[in-house]
Amino acid sequence: MEIWLNPACSKCRSAVQILDDEGAQYTVRKYLEDPPDAGELREVLARLGLEPWDITRTQEAEAKELELKDWERSDAARERWIAALAAHPRLIQRPIITADDGSALVGRTEEAVREVVTRTGDA
C-alpha cells in the first residue's frame, strides 16, 4: 500500500502512526515533493469512486485564488479540476491511501485507516 501525505499534516502523521501500530507494510509518497500527474489523479479518483472536487481542499489559499468555489462541478469541468490538482498538489485532500487490492481511501479518520489495513490483510 502507498500513502500520499504531507508530513506537516496531523491527520497524515496520525495515519502513519496507525499503520505502524498495525504493522502494515506501506510506502510513503510526499505528494508535495512528488506530485501526482493528471493520469495518476484519474486513476486514484477511479479507485476512490470520487470526483476531483470531492478531494479538493477548498479552504486553501490557492483554492481561493483560483476561485474554485465558483467552478462548475460536472463531467464537462472534471478535467479542469484534475489539472488544478496536478498543478497545485496542496489542494489534494490528505492522506490518501492506495491499497494493493486496488482500493483507495481518504484516511481522515482512525476508523478509515484501520479499515484499509483490516480489509487488505496488510498487517
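Is C9 buried or exposed? C9 is buried, with a relative accessible area of 7%. Buried here means under 20% relative accessible area, exposed means over 50%, and partly exposed is in between, with a 1.4 Å probe and protein chains only.

A word on the model. This is a predicted model, in which local features need pLDDT of at least 70, side-chain atom pairs count only at pLDDT 80 or more, and totals for chains, interfaces and linings use all residues. Residues are numbered from 1 along each chain as its sequence is written, and side-chain values use heavy atoms, with hydrogens and water left out.

Back to the cysteines. A disulfide is a covalent bond between the sulfur atoms of two cysteines. The rule here asks for a pair of cysteine sulfur atoms within 2.5 Å. By that rule the count is zero disulfides. For C9, the nearest cysteine sulfur is that of C12, 3.5 Å away. That is too far for a bond. C12 is buried too, with a relative accessible area of 1%.

Helices are DSSP runs of H or I, at least four residues; strands are runs of E, at least two; both are numbered from the N terminus.

The buried residues of α1 are C12, A15, V16, I18 and L19. Seen down the axis, they fall within an arc of 160°, so they line one face of the helix. The arc is taken from the directions from the helix axis to the C-beta atoms. An α-helix has 3.6 residues a turn, so residues three or four places apart point the same way. The cover over the buried residues of α1 includes β1 (2-5) and α5 (110-120). Contact means heavy atoms within 4.5 Å. Just after α1, G23 takes a positive phi of about 70°.

Next, α2. Its buried residues are L41, V44, L45 and L48. Their arc is only 105°, which puts them on the same side of α2. Their cover includes β1, α4, β3 (96-98) and β4 (104-106). At the N-terminal end, D37 caps α2, with a side-chain oxygen 3.1 Å from the backbone nitrogen of G39. Just after α2, G49 has a positive phi of about 70°.

Now the cores. A nonpolar core is a set of buried Ala, Val, Leu, Ile, Met, Phe, Trp, Tyr and Cys residues joined through side-chain atoms within 4.5 Å. The largest has 20 residues, and I55, I92 and I96 touch the most other members. Elements giving two or more residues to this core are α2 (38-48) and α4 (78-87). Apart from it lies another core of 17 residues, among them L5, C12, A112 and V116.

Last, the loops. D54 sits between α2 and α3 (61-66). At 42% relative accessibility, D54 counts as partly exposed. Its side chain reaches the backbone nitrogen of E51 at 2.9 Å. E67 lies in the loop between α3 and α4. E67 has a positive phi of about 55°, although it is not a glycine. P95 is in the loop between α4 and β3. The peptide bond from R94 to P95 is cis, with omega near -10°.

How values were computed
Polar contact = N/O pair within 3.5 Å; in protein donor to acceptor, adjacent residues only side chain to side chain.
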